[in-house]
Amino acid sequence: MDGKADKGRRDFLILTGYTMGAAGLAGLAVPFIDSLNPAADTQALATTEVNLGLLQPGQAITAMWRGKPVFIRHRTSEEIEQARTVELKGLPDPEADEARFKDNPQFLVVLGVCTHLGCVPLGQKPTDNKGDFGGWFCPCHGSHYDISGRIRKGPAPKNLTIPPYEIKDKLLKIG
Amino acid sequence: MANVKKSSTLSKDSNRIAKWIDYRLPILSFLKAEAVDYPTPRNLNYWWNFGSLAGITLVIMILTGIWLAMHYTPHTAHAFESVERIMRDVNYGWLLRYIHMNGASMFFIVVYVHMFRGLFYGSYKKPRELLWIFGVLILLLMMATAFMGYVLPWGQMSFWGATVITNLFSAIPLVGDSIVTLLWGGFSVDNPTLNRFFALHYLFPFLIVGLVFLHLVALHTHGSNNPTGVEAKKPSDKIPFHPYYTVKDILGLVIFLTIWGAFVFFAPNFFGEPDNYIPADPLVTPPHIVPEWYFLPFYAILRSIPDKLGGVVLMFSAVFVMFIIPWLDTSPVRSGRYRPLYKIAYVFFLVACVALGWAGAQEAEGVPLLVSRLATAYYFAFFLILMPVLGFIEKPLPVPESLQESKRKKGAGR
């Protein structure tokens, strides 16, 4: 037998073997890793419904959606006016107040999760510290949000997230 | 490991990082000595595959088990539902569970074959007595682990299996009932029982890993037995483990995984009981209660005795007798290959085990009861009478001088 040809063939077989083995192990890893992702029942979009009929201007309530708090604030016309006159230049995450609503600008709906490291900001209760801009104040690392849920001061990089929602006849459906 | 000689070092052309590590922690040269260069008898047949298969099965069981535990809830109110959630909602949860569930059966198949191989070729004989004893300990722990694992889904068979097996201990005179209450953590199989079974089901596999390590240290101290039962004398009687036996083991592994996969994907509930898909009900016992197949022979021994304590004692003895096999066998010849009478006794022993397995699945009356009584009698007679006596009355066939000689003879005979 030709020694050289034999060596080439052997290398080919070994490399093919290793490659197939690696591919097999990688394939086997998929179910293990994917099983750690949200399961189907967790994935199934849970929707939360909130009746806004009793929410007076200036009042706020907190709903729960996908395990997270959702801040719902009935804004007064002065607050809306105030939110819309803010100079966007110089905001950490510039976004016009109008852009944060489809309709019903009196009802602000944002996730109550600080975009810094996930704490729940204060400001829902009348007695809470609402921060320097009359919205919310995160006690963990001192982020201030305004009445539009925009970050104004502090370490948070983004405005409070707006979840998918719609409002029909004073009924809010989140998710 | 005082006995392990540092017979191999890393080759000169191995890379610098490997050398750096090995100089400080000689793990690489240890692995090379024990898993690559390890001198192995040149004549091992395919029955020697089952040790490595058992090791790999243990790893697969631990991995799938840890992943299942991430989704399982050990509480009587949630256990059944959490298992169903694994089956329906968790991504690939069905796959993990079916691998684990069928893996238990695969594990026992492999280990039973492994043990029957040792029994035939005399692998338990001097100087491998401890190697065998560690093996029997592993079997005992496996049985406990499998039993407790079967309780976790909290189906009807889980609950009633747990009830029946724990009640075995009530046969112990005087303290039996107190022991059962202690095992349950209450006055019936209930939430405390489920909780501790889960904790122990998670723990035991790691104890098995420890025992497997000792099993391997003992194995590598005197090396593998081989089909002739003759100790390798010359260096030419042995070949390096890699590539010869790695390749042979991988071929066996591929076939084994194919069979396992066939069950997982095409008949995942083949070994299971439909009743275990009914949530546990402490008020209703299923009409026909059977243990998993791997316990059937022992279950048949239990039921062959018309006395509660006697049956329990005999069943446990059926396992414990294995511990003293090395001292029951009096034959000067190790391998069954050269023992004409032992060969016959061994075949009947296989038949008795299968018969016990069959009888264990039937109602304990009529023909199955008779069969289980005869087979139980033979089971114990094989160990306690035939093994010691055959060593004296049997005239063994001529044993080859060396492993190479046995190969040549076999070749010439063809």
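This is a predicted model: local features need pLDDT of at least 70, side-chain atom pairs count only at pLDDT 80 or more; totals for chains, interfaces and linings use all residues.

Modeller: The nonpolar patch on the surface is formed by Ile324(B), Trp327(B), Leu341(B), Ile344(B), Phe348(B), Leu384(B), Ile385(B), Val389(B), Phe392(B) and Ile393(B). Together these residues have about 1,100 Å² of accessible area. Two elements of chain B, helix 14 (340–360) and helix 15 (366–393), each supply at least two residues of the patch. Helix 15 of chain B gives the most, with five residues. One further member, Trp327(B), lies in helix 13 of chain B, which covers residues 325–328.

Next, the contact with the other chain. Chain B puts twelve residues into the contact, and chain A puts in 13 residues. The size of an interface is often given as the accessible area lost when the parts come together. Between chain B and chain A the buried area is about 1,100 Å², and carbon and sulfur atoms give 63% of that area. The count of salt bridges between chain B and chain A is one. The partners are Asp41(A) and Arg85(B), whose closest N and O atoms are 2.6 Å apart. Seven residue pairs are in polar contact across the interface of chain B and chain A, counting pairs with both residues at pLDDT 80 or more. On the side of chain B that touches chain A, the elements that give two or more residues are helix 3 (50–69) and helix 5 (93–121) of chain B. Of the elements on that side, helix 3 of chain B gives the most, with three residues. Sorted by class, the side of chain B that touches chain A has seven nonpolar, three polar and two charged residues.

Some details of the backbone remain. In chain B, a cis peptide bond joins Lys126(B) and Pro127(B), with omega about 5 degrees. Pro127(B) is in the loop between helix 5 and helix 6 (129–151) of chain B. The peptide bond from His242(B) to Pro243(B) is also cis, and its omega is near 10 degrees. Pro243(B) is found in helix 10 of chain B, residues 241–266. In chain A, Lys170(A) is a residue other than glycine with a positive phi, near 65 degrees. Lys170(A) sits in the loop between strand 8 (165–168) and strand 9 (171–174) of chain A.

Technical notes. Residues are numbered from 1 along each chain as its sequence is written. Chains are lettered from A and ligands numbered from 1 in the order in which they are written. Side-chain values use heavy atoms; hydrogens and water are left out. Contact means heavy atoms within 4.5 Å. Buried area is the accessible area (1.4 Å probe) that two parts lose on being put together, summed over both. A salt bridge is a side-chain nitrogen of Lys or Arg within 4 Å of a carboxyl oxygen of Asp or Glu. A polar contact is a pair of N or O atoms within 3.5 Å; within protein, one must be able to donate a hydrogen and the other to accept it, and residues adjacent in sequence count only if both atoms are side-chain atoms. Helices (H or I, at least four residues) and strands (E, at least two) are DSSP runs, numbered from the N terminus. Ala, Val, Leu, Ile, Met, Phe, Trp, Tyr, Cys and Pro count as nonpolar, Asp, Glu, Lys and Arg as charged, and the others, Gly among them, as polar. Patches are made of residues with over 30% relative accessible area and no salt bridge: like charges are joined within 9 Å, nonpolar side chains (Val, Leu, Ile, Met, Phe, Trp, Tyr) within 5 Å. Accessible areas come from the Shrake-Rupley method with a 1.4 Å probe; for residues, only the protein chains shown count as cover.
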